[in-house]
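Please report on the ligand site in this predicted model. Cover the backbone geometry as well.

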Amino acid sequence: MRVMARRVPIAVLISGSGTNLQAIIDAIEAKSLDAEIRLVLSNRGDAYGLARAKRHGLRSETLDHRQFRTREEFDSRVVDLLGGAGVELVCLAGFMRLISPVFVKAYSNRIMNIHPALLPAFPGLHAQRQAVAYGVRFAGCTVHFVNEECDQGPIIIQAVVPSFPDDTEDSLAARILAQEHVIYPRAIQLYSEGRLRVDGRRVFVDGLRREPEQAVIQPALKE
Ligand code: GRF
């Protein structure tokens, strides 16, 4: 039996459907993730992720950014809520707000985000659409620490999926999303185990098992 590590207190910030939130909840319930969700925070009252939180008995709050005069005022309120809930690690999961320095400084190297592309390719909005339009052979997703530059923080973990010529934005997004649900809980677990060390742009992971090197070529050649 696996010895239970400490459970890192986290918040999950959402704006929409919250499938990544669900993956985190499921990993905690399956005991493969030693974390405790202290708060689910949405900037939109109609985010479906709020229903997911309720279903699992989690504390949730809605903080409408339109009620605040500036991004900094909104972020200060968020930081207060997180502090009050005893949150150590903040997980952005489809949270459609840019984060100001007020927030980044308060949680330096303690904010993670998931982005549906192999960063640094295709930062910003509609990453999957950008990947399809560009005609890449591989796409994927990235969990990274958040710094003051949008989608440019130190990379923790990535997953690669093939991108086929007949893919649509939706078909590629679905393939990527399935991997998001795998890597986000894994990144949080690495944090929880104290195995992540940030050095400048780079994140070093303690106790990494090095797989034999293997190249994947796409399209695969026919025999
Ligand atoms: C995901 O594609 C994530 O990478 C991006 O926003 C989407 C959120 O999906 N940042 P969900 O709300 O977790 O279902």
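A polar backbone atom of I114 lies 3.0 Å from a nitrogen atom of the ligand. In T19, an N or O atom of the side chain is 2.5 Å from an oxygen atom of the ligand. In E180, the corresponding distance from a side-chain N or O atom to a ligand oxygen is 2.8 Å.

The ligand exposes 360 Å² when taken alone. The protein buries 82% of that area.

## Pocket and shell

The largest pocket holds the ligand. Two elements, α1 (19–29) and β5 (111–115), each give two or more residues to the shell. The residues around the ligand are S17, G18, T19, N20, G94, I114, H115, P116 and E180. By class, the shell has six polar residues, two nonpolar and one charged.

The ligand lies between two domains, because domain 1 (8–107) and domain 2 (113–207) both give residues to its shell.

## Backbone geometry

Most peptide bonds are trans, and most residues other than glycine have a negative phi.

P120 is in the loop between β5 and α5 (127–134). That loop also contains H126.

Another cis peptide bond joins Q218 and P219, with omega about 5°. P219 is in the segment after β9 (202–205).

Technical notes:
Residues numbered from 1 in each chain as written. Predicted model: local features only at pLDDT ≥ 70, side-chain atom pairs only at ≥ 80, totals over all residues. Heavy atoms only, no water. Near = heavy atom within 4 Å. Polar contact = N/O pair within 3.5 Å; in protein donor to acceptor, adjacent residues only side chain to side chain. Areas by Shrake-Rupley, 256 points an atom, 1.4 Å probe, with all protein chains shown as cover. 1 Å grid on protein atoms, 1.4 Å probe; cavity = no way out; pocket = protein on both sides within 12 Å on 5 of 7 lines; lining within 4 Å. Sits in = over half its atoms within 2 Å of the grid points. Helix = DSSP H or I, 4+ residues; strand = E, 2+ residues; numbered from the N terminus. Nonpolar A, V, L, I, M, F, W, Y, C, P; charged D, E, K, R; others polar. Domains from an automatic or database assignment.
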